[in-house]
Amino acid sequence: MERTLIILKPCSVVRGITGGIISRFEKKGLKIVALKMYRFTKEKCAEHYSHLVDKPFYPIIEKSMMAAPSILMCLEGVDAVEVVRQMTGSTNGRKALPGTLRGDYCMSHQENVVHTSDSVENARIELDRFFSEEDYFEYDTPLSDFLYASDEL
């Protein structure tokens, strides 16, 4: 099974829409295997967004990510990275299609409710940045037989 990182950004927490977002992932059939509340520091923000630190808009990202706590989540499923990216929609909420998380929950390019890993490799790096082995939970669910055909697992 593939794993991916989801960050429910401070704007989601403050707006009180985290439950609705998490519910959409669960309804899709993705399994939550790690979950915690987290407050970004300047250092961790710079590490996570290292590819953007030199951009003129980075101070806006930093201010946004440090404004309130975030919720960090590891989701697991077949093709989890791709599935989550499709569910999330375009980075700019004004351009995201209805039915996607950003299409349904935001109007902003920056205050765009979630961060999601963009590749399997980056998911591993990002998950290691925020979670340790003891943060993960393995558990069986009787729904597995109804989420995937036997040849998909």
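This is a predicted model: local features need pLDDT of at least 70, side-chain atom pairs count only at pLDDT 80 or more; totals for chains, interfaces and linings use all residues.
Close-up 1. Residues are numbered from 1 along each chain as its sequence is written, and side-chain values use heavy atoms, with hydrogens and water left out.

**Close-up 2. The strand partners of E3.** Strand E1 pairs with E3 in the antiparallel sense over seven bridges, and E2 and E3 also pair in the antiparallel sense over seven bridges; two strands pair if DSSP finds at least two bridges between them. Within E3, Ile71 is the bridge partner of Leu8, and Met73 is that of Leu35.

Close-up 3. In helix H7 (residues 120-130), the buried residues are Ala123, Glu126, Leu127, Arg129 and Phe130. They lie on the same side of H7 because they cover an arc of only 150° around the axis, the arc being that of the directions from the helix axis to the C-beta atoms. On the other side of H7, Glu121, Arg124 and Asp128 are exposed. The cover over the buried residues of H7 includes strands E1 (2-8), E2 (31-38), E3 (70-77) and E4 (114-116), together with helices H3 (42-48) and H5 (80-88), contact meaning heavy atoms within 4.5 Å.

**Close-up 4. His115 and its surroundings.** His115 is placed in strand E4 and counts as buried because its relative accessibility is 14%. Its side chain and that of Glu126 are joined by a polar contact of 3.1 Å (a pair of N or O atoms within 3.5 Å; within protein, one must be able to donate a hydrogen and the other to accept it, and residues adjacent in sequence count only if both atoms are side-chain atoms). Not counting residues up to four places away in sequence, His115 touches Leu5, Ile6, Ile7, Lys9, His48, Tyr49, Arg102 and Glu126.

**Close-up 5. The aromatic cluster of Tyr38, Phe40 and Phe130.** The structure holds four aromatic pairs, for which the rings of Phe, Tyr and Trp (its six-membered ring) must have centres within 6.5 Å, planes under 30 degrees apart counting as stacked, over 60 as edge-to-face and the rest as tilted. Tyr38 and Phe40 form an edge-to-face pair, at 5.2 Å centre to centre and 90° between the planes. Phe40 and Phe130 form another edge-to-face pair, at 5.6 Å centre to centre and 70° between the planes, and this pair links distant parts of the chain, with Phe40 in the loop between E2 and H3 and Phe130 in helix H7, 90 residues apart. Tyr38 counts as buried at 19% relative accessibility, Phe40 at 3% and Phe130 at 5%.

Note on methods
Buried means under 20% relative accessible area, exposed over 50%, partly exposed in between (1.4 Å probe, protein chains only). Helices (H or I, at least four residues) and strands (E, at least two) are DSSP runs, numbered from the N terminus.
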